[in-house]
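Colleague: Could you take me through how the helices of this model are packed against one another, one question at a time?

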Amino acid sequence: DVDLLRELARLYDGPVADNAKALAAWKRLLEAKDGDEEALAALERLHGAGEDPRALAEILLSRAEPATDDDAKVAIFKRASAIYEELVEDMVEAAAAMERARQVAPSDRNALHELERLYDRIGDDAKVADVLAADAELVEETAARADVLAKLGRVNNKLGREEQAVAAYAEVARLVPDHNLAKAGLEGLLDSDEAGLSAASALEP
């Protein structure tokens, strides 16, 4: 009975002040009534005061799903991501939570920057390239866009995507002709069988 479980959880969480039993009771209530806001809020509070950051992050993700305000939802996903990274030290889960923030707010450059950093820590260069490509589409200021594209060129080159690297560097050269990183990147590709001619063409004034 949901009402009985709620009364029991409130009793353990309040007058009895038994955190372990309160946690168990609130979890049983949540199993009986999925998405119950009072149970989720209580579990977040209890886990936040305890020593189980992974459980706290999982509760936060559960709280984010029914949220109707996108800004609130993004903020919860970002908080869960930070907990996974800093307290749980699970970069994969941290990135997954941040990806959920990105799904809600695709134009949030802060989320993209966090994903770039997390995927770099994980060592997933392909995901880093995807995030940089998305970020480049959002940047309006010329010099900043050139810097993002230069990083994209470097990562694509690292991945062996030489033609894509040249394309990114060439766009940088078009935006900022004296961009040192783009020039160095293109010069480093001149001896490439795959992309040498494209690199040489991009270097032409």
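Colleague: Which residues in H3 do Arg6, Arg10 and Asp13 in H1 meet?
Modeller: This is a predicted model, in which local features need pLDDT of at least 70 and side-chain atom pairs count only at pLDDT 80 or more, whereas totals for chains, interfaces and linings use all residues. Residues are numbered from 1 along each chain as its sequence is written, and side-chain values use heavy atoms, with hydrogens and water left out. Taking contact as heavy atoms within 4.5 Å, and helices as DSSP runs (H or I, at least four residues) numbered from the N terminus, the partners in H3 are Glu38, Ala42, Arg45 and Leu46.

Colleague: How many residues of the contact of H1 with H3 are charged?
Modeller: Counting Asp, Glu, Lys and Arg as charged, Ala, Val, Leu, Ile, Met, Phe, Trp, Tyr, Cys and Pro as nonpolar, and the others, Gly among them, as polar, this contact has 2 nonpolar and no polar residues. The number of charged residues is 5.

Colleague: How are H1 and H3 oriented to each other, roughly parallel or roughly antiparallel?
Modeller: Helix H1 (residues 2-13) and H3 pack with their axes, which are lines fitted to C-alpha atoms over the stretch in contact, 12 Å apart and at an angle of about 25 degrees. Angles between N-to-C directions run from 0 to 180 degrees, and those under 35 degrees count as roughly parallel, over 145 as roughly antiparallel, 65 to 115 as roughly perpendicular and the rest as oblique. H1 and H3 are therefore roughly parallel.

Colleague: How many polar residues are in the contact of H5 with H6?
Modeller: H5 and H6 pack at an angle of about 170 degrees, their axes lying 7 Å apart, and that makes the two helices roughly antiparallel. Among the residues making the contact are Phe77 and Tyr84 of H5 and Met91 and Met98 of H6. Besides 10 nonpolar and 6 charged residues, the number of polar ones is 1.

Colleague: How many charged residues does the contact of H7 with H8 have?
Modeller: Helix H7 (residues 109-122) and helix H8 (residues 125-138) have axes 9 Å apart and pack at an angle of about 160 degrees, which makes H7 roughly antiparallel to H8. Residues of H7 including Arg109, Leu112 and Tyr119 meet a set in H8 that includes Lys127, Val131 and Leu138. Alongside 8 nonpolar residues and 1 polar residue, the charged count is 5.

Colleague: What covers the buried residues of H4?
Modeller: Buried here means under 20% relative accessible area (1.4 Å probe, protein chains only), and in H4 the buried residues include Leu56, Ile59 and Leu60. Their cover includes helices H2, H3, H5 and H6.

Methods: Buried < 20%, exposed > 50% of the residue type's maximum accessible area, 1.4 Å probe, protein only.
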